[in-house]
Amino acid sequence: MSVKVRIPTILRTYTGGQAEVTAEGTKLSEVIDSLEKDHPGIAARVLDDQGKLRRFVNVYVNDDDVRFEGGLDAATPDGAGISIIPAVAGGC
């Protein structure tokens, strides 16, 4: 299954500056493996040392937050759009 992954600016150094790349997989973990194969180093920015999604990285398959859709087991149907969004914090 082929999906399109939108890459945030901070991770585009791994994709040669590309804002969107294509990856393969029927579930999110497979898509991340595909991204890592084609763009080495990106998985370490999305996954923590235990191989789980980093706490401050949000991932959406189409418009669904994967934390509520099975996490790394979330289905990634053919043609799906995946967004990786680093959380932004701030304040006074």
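1. Strand 1 and strand 2 pair in the antiparallel sense, over 5 bridges. Pairing here requires at least two DSSP bridges between two strands. Strands are DSSP runs of E, at least two residues; helices are runs of H or I, at least four; both are numbered from the N terminus.

2. A word on the basis. The model is predicted: local features need pLDDT of at least 70, side-chain atom pairs count only at pLDDT 80 or more, and totals for chains, interfaces and linings use all residues. Residues are numbered from 1 along each chain as its sequence is written, and side-chain values use heavy atoms, without hydrogens or water.

3. The open sheet has 5 strands in the order 2-1-5-3-4, with mixed pairing. Strand 2 (20–24) and strand 4 (64–65) are the edges, each pairing on one side only.

4. Strand 1 (residues 2–6) runs parallel to strand 5 (residues 81–86), joined by 3 bridges. Lys-4 stands opposite Gly-81 in strand 5. Arg-6 has Ser-83 as its bridge partner in strand 5 and Glu-20 in strand 2.

5. Thr-76 sits in the loop between strand 4 and strand 5. Thr-76 is buried, at 1% relative accessible area. Its side chain reaches the backbone oxygen of Gly-25 at 2.8 Å. Beyond neighbours within four places in sequence, Thr-76 has contacts (heavy atoms within 4.5 Å) including Val-3, Leu-28 and Ile-82.

Key: Buried means under 20% relative accessible area, exposed over 50%, partly exposed in between (1.4 Å probe, protein chains only). A polar contact is a pair of N or O atoms within 3.5 Å; within protein, one must be able to donate a hydrogen and the other to accept it, and residues adjacent in sequence count only if both atoms are side-chain atoms.
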